[in-house]
Structure formats: C-alpha cells, structure tokens
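Keep the structure open beside you as you read, and look for each spot in turn.

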Amino acid sequence: MVKTLIHSGKVGLEGLKWEDRAEQPTGPSEIKIKVKAAGLNHRDLFALSQVHEKHPVVIGSDAAGIVVAVGAEVMRFKIGDEVMIYPGSGWRENSDTAPETFTILGSSEQGAMAEEIVVSEENAVHKPANLSWEEAGVLSLSALTAYRAIFTKGGVSEGMKVLIPGIGGGVANYLLQFAKAAGAIVYVTSRSQEKLGMALQHGAEKGLLHDEDWVEAMGGGKVDVVIESVGAATFDKSLDVVRRGGTIVTFGSSTGDLVTFDLRKFFYGQYTLKGSTMGSFEEYEAMIRFVEDHDLHPVVDAVYPAEEFMEAFQRLENAEQTGKIALQIG
C-alpha cells in the first residue's frame, strides 16, 4: 500500500487526509518514483475549495524523488536516478497557448503528494545536482510559470527594467531570480516591509509598498515589462508604471478577476497585454537548464514532515510564507 494525500468529502482542509491506496503498476513507458519531497502551490488551495465527493483528488503538482521501477520500453531513466516531474501533461512543444488536452497534476486522481507516483518517462527530467531534495520538490510549477511569463511572453533580456508586484510568493520570487540572472533591473512591490527587505537582499533594485504612488516612488521612471499576478488591486497601478509601448504579462488574479482601465490611454500608449499560464515541456527543460547554468536555488520558506501536512497548508492558506513550502515525504 502507498500513502497518498487525498482530498474528498468536505470543502477545505477538513477534506484533506493521508489514505492508503493500492500500489500502482508501471506501464511499458512509465517510471515509478519514490517521492522524497513535494511542493505546495496556491492551485492546491483551489482544489481544496471543491468537494470531490465522487472523484477524490490526489493533491499536488510538484515532486522530486528516486526512480524505483522502470517499464520495459523506458530509455531515458534507470533505477536509482534522481528525478523531478513536469507538473502537466499533453503540452510538449512551446506554442502560443496550451493544447485543449493539457492537464495539470493535482486536479484528478493523479497527483504528486504520495509516497510513490507513476508517470510517463516523457514527463520527468533528471534532478539538477545543485538542488537539494526540498529545493527540487518545490521548483517545477511555479518556476515554469515564471519562466514562460518572463521570457516567452515578456521577452525580458539584459538591461531591461521589470516590475514584479506581489513579491514574496513562489512565482514572484522565481521571477526576481530569473530576471536578475538575465541581467534585468528589477523593481518589486508588497504590502510587507519584511518581504521587500528580503527582495532587496536577493537583488531587487527597489521595493515599493502597495499603497504608495509607484511612479512617484520610482522618481517618475517607467519599466519595460510588468509581470502582473495580483489582479484587480494592482492592475491600474501597473499600467501607470509601464513605459509607452511596454508590456504587461498577467498569469494570476489573486485579488479579483475583473479590472477596469482606460482603453483610450491603453491604445494611445500602444501597450501590449499578454496572458500566460504555466508552460510546455520544452520550456520546462529550458527552465531546468537555466537554473543549472546560473546555479539558482528556490527560496524555501519552510519544510514540514509529511504528517504535519495540515500545518503546511494552513501556512499557505494564511499567506504567511516568504517563498515555497515543502513536504518531506521520503
């Protein structure tokens, strides 16, 4: 039997429990992974907001571990390899948008938070040697989201000025790291002076409080790109601080989905607005190489033993973290 973190029956954390499930067989092109660490994401909280009475959901999109079995047709991995899993399925090559068949782990009975998981060899990569198990376990979904937003969609390169509202969350921290590694000048915003202080320590040029005038705080300066995930609370301010002809990339809406902005100002300024969601396996491999080449390390806020999963999810739900939260499973 394999212990698996299941959500069913009740909305919220009350429906979350470890459950023994039958060991899953390994298909011809699949590998079985003994999970060492798994990462929490905000999309897990979305999964918890539903009941899942008829079809329990295995929680989790991020995991890293050791290969313990391989199918007869597997070519890329062998028993004992240290691996990470791509947090989606059905999106191989980079494209303008994900195929309609694209799915993300943790939305069905296939999820990452279990003692063992079975995945196609096409959905795994070798773990970078510079990452600890906890770092590898929290990397995939948030870092891939950041990579596509900042490079594929935002086109960020050396010398560009970038604004990241809402620093402190998992994706935002990766955005800061990636942009700095690419040679960009990065500005960040937050409600928390503590989170701004940490961002400055990690290379941000300047930290702005959410409730101040961002243009004034930046001395009237403007940025080339804003990577926006906060939503309604900051969108207008983000538009004010991006230069004419600049770009806003949005991948989230944590403070509300609906925004109102001056359309005439938008088209006269010839701004570009782009949506982004996670990324393809091709981008995932590129992101992993980028992390290795620049010796980047995720900001890990806390690591909890598997049996303390409730405390881990409560910390995420209360937005107490600065960085990623990991579960130590194996």
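The largest pocket has a volume of about 1200 Å³, in what is a predicted model. Its lining is made up of 40 residues, and H1 gives the most to it, with four residues. The second largest pocket has a volume of about 210 Å³.

**The largest pocket**

- If you want to find the centre of the largest pocket, look for His42, Val171, Ser229, Phe251 and Ser254, the lining residues that lie nearest to it.
- Several elements each supply at least two residues of this lining: helix H1 (42–48), helix H2 (133–153), helix H3, helix H9 (309–317) and strand S18 (324–328).
- Sorted by class, the lining of the largest pocket holds 14 nonpolar, 20 polar and six charged residues.

**The second largest pocket**

- Here 15 residues form the lining, and Thr4, Ala22, Gln24, Ala114 and Glu116 lie nearest the centre.
- Strand S1 (2–7) and strand S9 (116–120) each bring at least two residues to the lining of the second largest pocket.
- Of these, S9 has the largest share of the lining, with three residues.
- The lining of the second largest pocket divides into six nonpolar, four polar and five charged residues.

**A cavity inside**

- How many cavities of 30 Å³ or more are there? The count comes to one, and the volume of the largest cavity is about 50 Å³.
- Its lining consists of Ile167, Gly168, Asn173, Leu176, Lys195, Met198, Ala199, His202, Val299 and Thr322.
- Helix H3 (170–181) and helix H4 (193–201) each supply at least two residues of this lining, and the largest share, three residues, comes from H4.
- By class, the lining of the largest cavity has five nonpolar residues, four polar ones and one charged.

**Salt bridges**

- A quick reminder of the background: side chains of opposite charge can pair when their charged atoms come close.
- In the whole structure, a search finds 11 salt bridges.
- One of them joins the side chains of Lys3 and Asp20, at 3.4 Å from N to O. Lys3 belongs to strand S1 and Asp20 to strand S2 (residues 16–21), so this pair ties together parts that are 17 residues apart in sequence.
- Lys3 counts as partly exposed because its relative accessibility is 38%, and Asp20 is also partly exposed, at 43%.
- Glu14 and Lys10 form another salt bridge, with their closest N and O atoms 4.0 Å apart. Are these two buried or exposed? Glu14 is exposed, since its relative accessible area is 63%, while Lys10 is partly exposed, with 48%.
- The side chains of Asp301 and Arg315 also meet in a salt bridge, at 2.6 Å from N to O. This pair links distant parts of the chain, with Asp301 in strand S17 (residues 300–305) and Arg315 in helix H9, 14 residues apart.
- Asp301 is partly exposed, at 23% relative accessibility, and Arg315 is partly exposed too, with a relative accessible area of 22%.
- Through salt bridges that share partners, Asp301, Arg315 and Glu320 are joined into one network.

**A nonpolar patch on the surface**

- Which residues form a nonpolar patch on the surface? They are Leu263, Phe267 and Tyr268, and together they have about 350 Å² of accessible area.
- Tyr268 sits in helix H7 (residues 263–268), and Tyr268 counts as exposed because its relative accessibility is 53%.

How values were computed:
Residues are numbered from 1 along each chain as its sequence is written. This is a predicted model: local features need pLDDT of at least 70, side-chain atom pairs count only at pLDDT 80 or more; totals for chains, interfaces and linings use all residues. Side-chain values use heavy atoms; hydrogens and water are left out. On a 1 Å grid over the protein atoms alone, a cavity is a set of points where a 1.4 Å probe fits but cannot get out, and a pocket is an open set with protein on both sides within 12 Å along at least five of seven lines; lining residues have an atom within 4 Å of a point. Grid points are joined across faces, edges and corners, and a volume is the space filled by probe spheres set on the points. Ala, Val, Leu, Ile, Met, Phe, Trp, Tyr, Cys and Pro count as nonpolar, Asp, Glu, Lys and Arg as charged, and the others, Gly among them, as polar. Patches are made of residues with over 30% relative accessible area and no salt bridge: like charges are joined within 9 Å, nonpolar side chains (Val, Leu, Ile, Met, Phe, Trp, Tyr) within 5 Å. Accessible areas come from the Shrake-Rupley method with a 1.4 Å probe; for residues, only the protein chains shown count as cover. Buried means under 20% relative accessible area, exposed over 50%, partly exposed in between (1.4 Å probe, protein chains only).
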